[in-house]
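Welcome! Take a moment to turn the model around on your screen before reading on.

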Amino acid sequence: KRAQTTILVPGKLPSRALERIEEQFHLVRIDRADTALLTDEMKQSVEGIAAATVIDAAFIDALPKLRIIANFGVGYDSVDAAHAGSRGVMVTNTPDVLTEEVADTALGLLINTVRELPKAEAWLRAGRWRSDGAYPLTRATLRGRSVGIFGLGRIGRAIARRVEAFGLPVSYHNRRPVEGVDYEYHPTLLSLASAVDTLISVAPGGAATHKAVNAEVLAALGPNGVFVNVGRGSTVDEPALIEALRAGTILAAGLDVFADEPNVPEALIACENACLLPHVGSASLHTRQAMADLVVDNLVAWFTRGRALTPVAETAHLVAGR
Ligand code: NDP
């Protein structure tokens with residue numbers, strides 16, 4: 001046990017991760033990543049952070065002995081990784097172990113949005129099958145659709161494989177074409193949205209994708225358009241999306257992520273043509289446990305062997321100085 005190494009956990013983390021950190025290290029917890037909650041002892045001792053919350057530059061700077069931030073989640077837009085890297089602090093995330101789960105969720109959300117399955121179930125549960133008869137035929141179908149993927153990375157490719165199996169053509173937009181895939185590449189998101197009627201976004205958050213899905217992109221999708229987002233809410237101009245759903249600029253949307261979670265705008269909840277999930281993309285016991293293990297395995301690898309298992313791009317060049 002590296003009991004002398006202090007790991008700080010601000011906010012919530014799965015019990016599996018907390019138990020394993022406690023077995024291996026000296027665990028310290030605070031309610032949230034707020035510098036006002038840091039004691040002098042924490043400032044002098046914390047060498048690692050394990051977190052699923054915002055870790056900004058000020059918080060990093062308040063911990064002079066910090067050497068690693070192990071983020072719970074593959075998306076790490078909540079961590080100032082560039083600043084961490086400039087200070088020699090490793091940042092890790094949890095890629096791969098959640099890829100298939102999130103792709104499953106994306107397809108489930110797509111089908112629920114297009115075929116209105118949650119509403120059909122609500123119809124049955126409300127007794128309306130017996131009183132009113134069959135649930136109305138859905139206006140939309142997956143049949144004949146063409147699917148564009150915004151962010152053909154690990155999860156995007158797992159989604160694409162599933163979409164192919166459904167018999168639908170796939171095209172995509174990234175900053176660069178992916179080598180070795182046959183899907184049609186679009187150099188801009190607008191070009192992709194113009195070419196398809198179903199857009200699935202699984203792009204990361206951050207400045208480069210901020211509000212990338214805007215009114216123009218939604219209009220390009222067209223009146224039969226379906227927009228599904230399992231990436232980050234920040235990638236969408238949410239008021240523009242609400243307007244597009246209200247005005248019939250697009251047909252429907254399925255959303256697992258929102259601009260200001262857990263605050264989902266009332267105007268969005270009021271949209272009958274939106275299928276809304278509370279950020280459950282990876283949220284099975286199985287996958288959250290694998291993510292928890294990868295968080296702790298990164299800490300252990302860093303403090304024992306001086307190497308992280310899954311460093312993020314901004315800090316991939318770092319090795320432990322010990
Ligand atoms: P990857 O890094 O493997 O894939 C990201 C893809 O997005 C890459 O293909 C990348 O291509 C593309 N991309 C990145 N920036 C831009 C940009 N500015 N413009 C266009 N394309 C861009 O990540 P994962 O597939 O593992 O995860 C993707 C995201 O999914 C995560 O960052 C996270 O936000 C989200 N997620 C959501 C979950 C949920 O619960 N809903 C669960 C897990 C992840 P290129 O670099 O060539 O541009």
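Here is a short tour, from the whole chain to its sheet.

## About the model

This is a predicted model, in which local features need pLDDT of at least 70, side-chain atom pairs count only at pLDDT 80 or more, and totals for chains, interfaces and linings use all residues. Residues are numbered from 1 along each chain as its sequence is written, and side-chain values use heavy atoms, leaving out hydrogens and water.

## The whole protein

The protein has 13 helices and twelve strands (DSSP runs numbered from the N terminus: helices are H or I with at least four residues, strands E with at least two). The C-alpha atoms fill a box of roughly 65 × 45 × 35 Å along the principal axes.

Of the 322 residues, 50% count as buried, that is, under 20% relative accessible area with a 1.4 Å probe, counting protein chains only.

## The open sheet

Seven strands form an open sheet with parallel pairing, in the order β8-β7-β6-β9-β10-β11-β12; strands pair if DSSP finds at least two bridges between them. Strands β8 (184–185) and β12 (274–276) are at the edges with a single partner strand each, so one side of each has no neighbour in the sheet.

Two parallel bridges join β7 (residues 170–173) to β8. Opposite Glu-184 in β8 stands Ser-171.

## Helices on the sheet

Helix α11 (residues 238–247) packs on the sheet and touches β10 (226–229), β11 (252–255) and β12, where contact means heavy atoms within 4.5 Å. Helix α8 (residues 154–165) lies across β6 (147–150), β7 and β9 (198–201).

Key:
Axes are lines fitted to C-alpha atoms, for helices over the stretch in contact, and angles run from 0 to 180 degrees between N-to-C directions.
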